[in-house]
Each structure stands twice: as C-alpha cells, then as structure tokens.
Amino acid sequence: AKGTGRNAVVHYSPRLDDEVRARTALAADLRHALERGELEVFYQPVVRGTPAVLCGVEALLRWNHPERGLVPPLEFVPLAEASGDIDAIGRWVLTQAAAQVAVWHRELPGAEDLELAVNLSPVQLRDPGLLTIVGDALHQAGLAPGHLIVEVTESMLLSDLDLARRQLDALRTLGIQVAIDDFGTGYSSLSYLARLPADQVKIDKSFVRDLGEDRSPSVPLVRSIVEMARALGLDVQAEGVEETVQETILAELGCDRAQGYLYSRPVPAAQLAELAAALGAA
Ligand code: C2E
Ligand code: CA
Ligand code: CA
Ligand code: CA
C-alpha cells in the first residue's frame with residue numbers, strides 16, 4: 001500500500017500479505033533468538049598503515065536462524081528496533097564483544113591495543129541508561145574505555161541532535177571514542193561536522209566502490225572528506241575496500257584506516273587469531 005493522500009488506494013496483494021506475515025514471524029522468532037543462543041557476533045578486521053596491520057575489529061551481529069539459516073542484520077536489526085528487542089540485543093553485543101576483545105588483548109601476540117568498534121542503534125542512543133550499560137560492559141570485561149569505539153550514523157544524529165550530542169559527550173568523557181558511520185551519505189557540512197562530538201569518520205563504502213575507475217567522481221569527494229576531517233582533528237576510516245587500487249588511492253588521499261574484503265570478511269571469533277597472524281597485529 002502506497003501513499004496516504006486523498007486519492008490513495010490501498011492494494012492488498014497476496015504477495016505483500018505473505019511478506020508481512022513472514023516479517024511478523026521473523027520478529028516473533030527474534031524475541032527468543034537471544035535466549036536460544038542463535039545470535040553470534042562476527043568480527044571484521046580494521047587495518048592501518050602501509051603495509052596494512054591489524055589495529056581493530058568491528059563487531060557485526062549475525063543470526064543463525066534454525067530454519068532460515070543466516071539472516072543478515074539489515075533484515076532483523078530493524079525488526080528488533082521496532083519491537084524494542086534491540087535494547088537487550090545491543091547490550092548483549094556490547095558485553096559479548098568487550099569480553100572477547102579483552103581475551104584477545106591478553107592472548108593474541110601484539111594485540112594488546114586492539115580496538116573494538118560497536119554499532120549503536122538510534123534506539124540505544126535515545127536510552128538514558130546507555131552510559132551505564134556501556135560502562136558496565138567495559139567494567140565486566142576489564143576493557144579500558146579508550147579501546148572502545150561506538151559507531152553512530154549521520155541520520156541518527158539528525159533526528160535529535162541535542163540528545164545525541166549529550167549522550168556522545170558523556171561517553172567521550174569516559175574516554176570512549178565516537179565514529180560517524182556511513183559518512184557522506186547524509187547532509188554533512190563542515191559546520192555540522194564541527195559540532196559533532198566525534199573522533200572518527202567512516203567513509204561509506206558507496207564512495208569506495210568506484211575508486212580506481214576512470215575519472216571516478218568519488219576521488220574529489222573522498223579528498224574533501226579527508227580534508228574536512230583533518231581540519232577538525234578527526235581520524236578517517238574507509239569501509240568496503242575490496243581492491244588493491246582502492247587501497248592505494250585511499251592511502252594517497254590520506255585515509256588513516258581501512259576495512260573491507262581485501263583484508264577480510266567478518267569472521268567468527270575463533271578465526272581471528274589466524275587473521276591477526278596473517279595481517280600482523282600492530
Ligand atoms: P555497517 O555498520 O555499515 O557495517 C558494514 C557492513 O559492510 C557490514 O555488513 C560488512 O559485512 C559489510 N562489508 C565490510 N567490508 C565490505 C566490503 O569490502 N564490501 C562489501 N560489499 N561489504 C563489506 P553487515 O555485517 O551485513 O551489516 C550490515 C549493517 O547492519 C551494518 O552496517 C550495521 O548498520 C548493522 N549492524 C550490524 N551489526 C549490528 C549491531 O550489533 N547493532 C546494530 N545496531 N546494527 C548492526
Ligand atoms: Ca558500522
Ligand atoms: Ca558503515
Ligand atoms: Ca551501513
């Protein structure tokens with residue numbers, strides 16, 4: 001059904017009905033996914049320097065559904081946000097990932113400064129208990145706040161900038177870093193970015209994809225993002241780096257960190273030791 005105007009016609013198609021039913025069923029299953037142990041945190045390496053060495057990981061949520069197999073986060077995170085389940089799930093991701101990274105700090109050679117990036121949902125950012133939740137997760141794990149990066153998107157900040165700024169300021173007071181995810185996809189201007197409590201911007205993968213193509217329109221764009229970030233003292237990370245040519249151009253443009261299939265896909269925790277050895281931990 002599209003449109004809500006005067007002349008809007010509501011069409012019920014059996015297919016749409018099926019879709020709605022499938023989503024409702026998925027949302028119901030999701031309610032139990034956490035307690036049934038169906039959720040898992042994968043980790044994707046973040047690298048810096050030339051040659052690239054491992055400096056951090058991004059926690060990426062996975063759902064092993066008993067019948068459907070692996071359900072991608074873009075399909076179930078919105079459902080969890082709508083139902084409110086994201087509070088419990090988001091807290092679990094933080095706790096789980098912080099504990100895991102604390103183990104790597106102790107056990108992986110050269111990984112004592114490995115950083116952990118965790119995605120925050122807008123629902124979590126609006127939660128007045130966020131600071132306590134994050135603080136508890138770090139405390140339980142014995143992870144220093146400086147090793148945690150929370151990732152928020154530009155669009156999240158646009159909806160209630162004042163609240164977001166207060167929450168992020170409070171986290172930064174603890175020593176936690178803030179990264180603006182999917183950067184460049186919103187309406188970021190220099191003045192807007194200057195007012196954000198952030199330590200890092202992550203250039204969206206849509207701008208990385210065509211780097212290396214002839215007269216790629218993304219080159220001047222990435223260049224200006226890097227300049228803007230530099231002027232504000234922010235670190236710049238690129239995501240979605242799949243090819244060496246993209247890596248080379250990003251390094252030339254002054255990008256500090258990178259993440260993408262060129263280095264590794266997101267992997268289960270058990271595979272990180274092997275990757276760390278291959279990438280050389282920093
Ligand atoms: P995101 O935060 O922008 O995460 C980056 C996405 O890009 C991940 O997709 C990652 O697997 C994918 N990616 C990484 N390198 C490459 C590459 O070289 N090429 C391509 N094509 N893709 C690459 P994923 O894991 O499917 O996650 C999708 C989104 O789901 C995330 O986007 C994030 O918005 C959300 N998400 C994932 N985990 C969580 C979580 O724990 N909490 C919340 N609130 N959202 C999450
Ligand atoms: Ca992210
Ligand atoms: Ca992103
Ligand atoms: Ca994204």
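The calcium ion (ligand 2) and the calcium ion (ligand 3) sit 4.0 Å apart, with aspartate 181 coordinating both. Keep in mind that this is a predicted model.

Take ligand 2 to begin with. Which protein donors does this calcium ion have? They are Glu58 through OE, Asn119 through OD1, Glu151 through OE and Asp181 through OD, at 2.1 to 2.3 Å. Along the sequence, these donor residues follow the spacing E-x60-N-x31-E-x29-D. Asparagine 119 belongs to strand β4, residues 115-119, and glutamate 151 to strand β5, residues 148-153, so this pair ties together parts that are 32 residues apart in sequence. On accessibility, asparagine 119 is partly exposed at 30%, while glutamate 151 is buried at 3%.

Now ligand 3. Aspartate 182 is in strand β6, residues 177-183, and glutamate 239 is in the loop between β8 and α11, so the pair links parts 57 residues apart in sequence. Buried or partly exposed: which is aspartate 182? Partly exposed, because its relative accessibility is 25%. Glutamate 239 has 8% and counts as buried.

Last, the surface. The loop between β8 (235-238) and α11 (244-253) also holds glutamate 243, which is partly exposed at 41% relative accessibility. Glutamate 243 forms a negative surface patch with Glu213, Asp214 and Glu242.

Conventions. Residues are numbered from 1 along each chain as its sequence is written. Chains are lettered from A and ligands numbered from 1 in the order in which they are written. This is a predicted model: local features need pLDDT of at least 70, side-chain atom pairs count only at pLDDT 80 or more; totals for chains, interfaces and linings use all residues. Side-chain values use heavy atoms; hydrogens and water are left out. Patches are made of residues with over 30% relative accessible area and no salt bridge: like charges are joined within 9 Å, nonpolar side chains (Val, Leu, Ile, Met, Phe, Trp, Tyr) within 5 Å. Accessible areas come from the Shrake-Rupley method with a 1.4 Å probe; for residues, only the protein chains shown count as cover. A salt bridge is a side-chain nitrogen of Lys or Arg within 4 Å of a carboxyl oxygen of Asp or Glu. Lys and Arg count as positive and Asp and Glu as negative; His and the chain ends are not counted. The place of a charge is taken as NZ of Lys, CZ of Arg, CG of Asp or CD of Glu. Helices (H or I, at least four residues) and strands (E, at least two) are DSSP runs, numbered from the N terminus. Buried means under 20% relative accessible area, exposed over 50%, partly exposed in between (1.4 Å probe, protein chains only). Donors are N, O and S atoms within 2.8 Å of the metal (3.2 Å for Na, K and Ca); water is not among the atoms, so sites may look incomplete.
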